[in-house]
Structure formats: structure tokens, C-alpha cells
Amino acid sequence: VIMKNLFFLMTVFFTQSLWAEAGLYTSDSKTPYQTSEMNSILERITQENPERNILIYVHGRNRKIQKEWDKLSVLEETYKVNVIMFHWDAWSSVLTRAVGKAEAAADPLDETFKEIRLFKESHQDYFRDHKISLLCHSMGNLVLKFFTEKILLRSEYSQEDPLFDNFMGVSPDVPLLDHRLWLSQFNLARKKFIMMNNRDSVLLMSFALDLKDKNPHGYR
């Protein structure tokens with residue numbers, strides 16, 4: 001019985017550790033892909049569903065990645081798109097926010113974007129008739145913020161054409177102060193849309209936690 005329980009605990013620990021790593025997920029498999037495999041994932045899904053546009057999804061604060069994975073097939077069937085999710089370790093505790101982990105996720109997000117750029121450059125005919133969009137939900141916008149400030153503004157990105165046709169920031173859990181500033185500097189999307197709800201209880205809780213940490217900005 002002891003060995004059986006030990007095996008169970010090791011399995012749970014390994015699974016949680018595996019899902020905690022930054023990586024890519026598609027709706028047809030819970031097995032993670034490395035960010036360096038984005039090019040090959042795009043190759044496969046565009047061949048399997050060549051009529052669909054592409055959506056890159058960066059999820060927000062969530063302890064259970066299963067909930068995020070379940071959303072992928074819903075998004076695909078609702079909007080008739082191919083969805084690839086960028087996963088990052090978005091959990092610290094009930095009373096804290098994984099801000100440091102969001103900052104660390106900026107680097108694998110950078111690698112992901114570079115792979116997308118390579119795919120677009122080698123499939124220009126495909127993208128004459130198809131669009132690729134970026135959707136960041138909640139704290140997923142914080143990952144994008146760190147990417148913009150740490151990497152985008154200090155690299156060759158600023159000299160390139162927009163990578164995405166659309167960017168959608170849904171319920172962005174980011175500092176309200178200077179939100180417009182860094183978002184204006186994110187030049188990898190032709191069109192940008194921000195969707196927010198002032199009655200969002202989760203974001204109100206984030207604001208309360210922010211005050212607790214004596215950060216004057218407030219998070220939205």
C-alpha cells in the first residue's frame with residue numbers, strides 16, 4: 001500500500017511538473033510541445049485544416065491547466081480556427097500572483113514568435129488568404145507586457161512587418177498605469193482590441209492583492 005501511494009504521489013508530482021513547463025498545446029493532444037516546435041505544429045495543422053485561420057492563445061492565471069486545455073476545442077469549433085496554446089507556469093498561490101513567472105515566460109514567448117515568423121516567411125502564399133491572430137487572456141497579457149518591454153523594444157522585431165493580423169487582450173490583468181504606453185509599443189499586430197469588464201470579480205481581487213503588496217498601480 002505504501003509503495004502504491006508513493007507511486008501515485010510521484011505520478012502526480014511528475015505530471016504537475018511537466019505541465020508547469022512553458023510549452024505549446026493543441027486540442028488533439030495533452031502532450032506538450034517545445035516552443036521550438038511551433039514551426040512544425042503550424043505545418044501540420046495548416047495541412048490538416050487548410051481552410052481555417054490560426055489563433056495563438058496565451059492563457060492567464062490558472063492552477064489547473066486542464067481547464068485551459070478544454071477551452072481549445074471550444075474555441076476551434078466556435079470560431080472555426082486552428083488554435084495553439086502557449087502555456088506558462090501561471091500559478092504561485094491563492095493569495096499571490098505569479099508576476100515573476102510571467103516575466104520569465106517572456107523568453108519562451110519570444111522563441112514562439114520567432115518560430116511563427118519563420119513559418120510565415122516560408123508560407124507566404126498561405127498567408128495571402130489566411131490570418132493569424134494572438135489572444136491573451138487575463139495574466140497572459142502580463143507575459144506580453146514583459147515581452148514587449150524586455151525583448152521587443154530591444155531587438156530586430158521593431159524593424160519587421162506585423163507578425164499578427166489581430167491582437168485581442170481579454171480582461172487584461174496588468175498594471176493600469178502605463179497600459180496604453182506599452183501597448184502602443186507592441187507593434188506585432190496590425191489591429192489591437194482590448195476587452196475589459198469593470199465588474200470582473202477576479203480582477204477586483206487582483207487589485208486588492210496589489211494594494212496589499214503596496215503597489216500603487218492597480219491591476220486590470
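## Exercises: rings, a helix and one aspartate

A search of the whole structure turns up five aromatic pairs. Keep in mind that this is a predicted model.

**Exercise 1.** Work out how phenylalanine 113 and phenylalanine 164 are arranged as an aromatic pair, and which elements the pair ties together.

*Solution.* 
- Start with what to look at: a pair of aromatic rings is described by the distance of the centres and the angle of the planes.
- For phenylalanine 113 and phenylalanine 164 that gives 5.3 Å centre to centre and 70 degrees between the planes. Planes over 60 degrees apart count as edge-to-face, and that's the label this pair gets.
- Now place the rings. Phenylalanine 113 lies in helix α5 and phenylalanine 164 in strand β6 (residues 164-170), so the pair ties together parts 51 residues apart in sequence.
- Both phenylalanine 113 and phenylalanine 164 are buried.

**Exercise 2.** Classify the pair of phenylalanine 119 and phenylalanine 127, then decide whether each residue is buried or exposed.

*Solution.* 
- The ring centres of phenylalanine 119 and phenylalanine 127 are 5.9 Å apart, with 90 degrees between the planes, so with the edge-to-face cut-off at over 60 degrees this pair is edge-to-face.
- Buried means under 20% relative accessible area. Phenylalanine 119 has 0%, so it counts as buried.
- Phenylalanine 127 comes in at 15%, so it is buried as well.

**Exercise 3.** Check the length of helix α3 (residues 65-79), then look at its residues and what follows.

*Solution.* 
- Helix α3 has 15 residues, and at 1.5 Å a residue they should span 21 Å.
- The end C-alpha atoms of helix α3 are 22 Å apart, which agrees.
- The buried residues in α3 include Ile65, Trp69 and Leu72, and Glu68 and Glu76 are buried too.
- Just after α3, lysine 80 takes a positive phi of about 55 degrees.

**Exercise 4.** Describe the surroundings of aspartate 107.

*Solution.* 
- Aspartate 107 sits in helix α5 (residues 106-122).
- Its relative accessible area is 44%; exposed needs over 50% and buried needs under 20%, so aspartate 107 is partly exposed.
- Leaving out neighbours within four places in sequence, aspartate 107 is in contact with Lys150 and Ile151.
- Aspartate 107 and phenylalanine 147 are 40 residues apart in sequence, yet 7.2 Å apart in space, C-alpha to C-alpha.

Terms used
Residues numbered from 1 in each chain as written. Predicted model: local features only at pLDDT ≥ 70, side-chain atom pairs only at ≥ 80, totals over all residues. Heavy atoms only, no water. Helix = DSSP H or I, 4+ residues; strand = E, 2+ residues; numbered from the N terminus. Expected span 1.5 Å × (residues − 1). Buried < 20%, exposed > 50% of the residue type's maximum accessible area, 1.4 Å probe, protein only. Contact = heavy atoms within 4.5 Å. Phe/Tyr/Trp six-rings, centres within 6.5 Å; stacked < 30°, edge-to-face > 60°.
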